[in-house]
Amino acid sequence: MTAPDEGYQHIEHGFEPVFDERSRVLVLGSFPSVLSRANAFYYGNPQNRFWRVMAACLGAPVPPNEGDSLASGEPVTLDASIAAKRAMLLSGGVALWDVIESCDIKGSSDASIKNVVPAHAERITGAAPIEVVVCNGGTAGRLYKRYLQERTGLPAIVLPSTSPANAAWRLERLVERWSEAVDWQAFSI
């Protein structure tokens, strides 16, 4: 019997996708980071630029993170932050999930992902009129093509990752690339 790989953990995704029957764009990440798993919601690392990029693409205010101050000076709760992020996506016609349902991973490292069990994307594509699939980063794009594209029948647009690890892309450049790739306003509810 071989010893388990050092530092690897088998992790289940742990939280639900965001979508409704009006979602027309499906944005897929690879797998939740340690912070996202702790918050039980997507892009939980405040350094990840996903929420700022999506707000710019959708012409919406950036939703608050947990602990941000409200006008009253009170801190935003995790539940309120998640509700604001979910509302922004749904009003923009955007569904959000990850390509992977479970895998072996070291911390938050996409490069370490192995033993992939893909998500059941048909859960979204069967319930919503998805027209465009967008992958947040190369790893999500490769995994989508390998595991999900044949099942959904939709090609994906692979965009630069919003992860803080993708330091080569400044926020302004990410917004520009994400904005030009998809006519986000055409899908807003």
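A residue is called buried when its relative accessible area is under 20%, and exposed when that value is over 50%. The exercises below apply this to a predicted model.

**Exercise 1.** Determine whether Ser-81 is buried or exposed, and find which residues Ser-81 touches.

*Solution.* Begin by placing the residue in its element: Ser-81 belongs to helix 3, which covers residues 78-91. Next, take its relative accessible area, which is 1%; because this value falls under the 20% cut-off, Ser-81 counts as buried. Finally, setting aside residues up to four places away in sequence, the contacts of Ser-81 are Pro-64, Asn-65, Glu-66 and Val-76.

**Exercise 2.** Describe the largest pocket by its space, its lining residues and the classes of those residues.

*Solution.* Sorted by class, the lining consists of 16 polar, nine nonpolar and three charged residues.

**Exercise 3.** Identify which element gives the largest share of the pocket lining, and work out what its buried residues pack against.

*Solution.* The element is helix 5, which supplies four residues to the lining of the largest pocket. Within helix 5, the buried residues are Ala-140, Gly-141, Leu-143 and Tyr-144. These buried residues pack against strand 2 (25-29), strand 4 (100-105), strand 5 (114-118), strand 6 (132-136) and strand 7 (156-159), as well as against helix 6 (149-152).

How values were computed:
Residues numbered from 1 in each chain as written. Predicted model: local features only at pLDDT ≥ 70, side-chain atom pairs only at ≥ 80, totals over all residues. Heavy atoms only, no water. 1 Å grid on protein atoms, 1.4 Å probe; cavity = no way out; pocket = protein on both sides within 12 Å on 5 of 7 lines; lining within 4 Å. Points joined across faces, edges and corners; volume = space filled by probe spheres on them. Helix = DSSP H or I, 4+ residues; strand = E, 2+ residues; numbered from the N terminus. Nonpolar A, V, L, I, M, F, W, Y, C, P; charged D, E, K, R; others polar. Buried < 20%, exposed > 50% of the residue type's maximum accessible area, 1.4 Å probe, protein only. Contact = heavy atoms within 4.5 Å.
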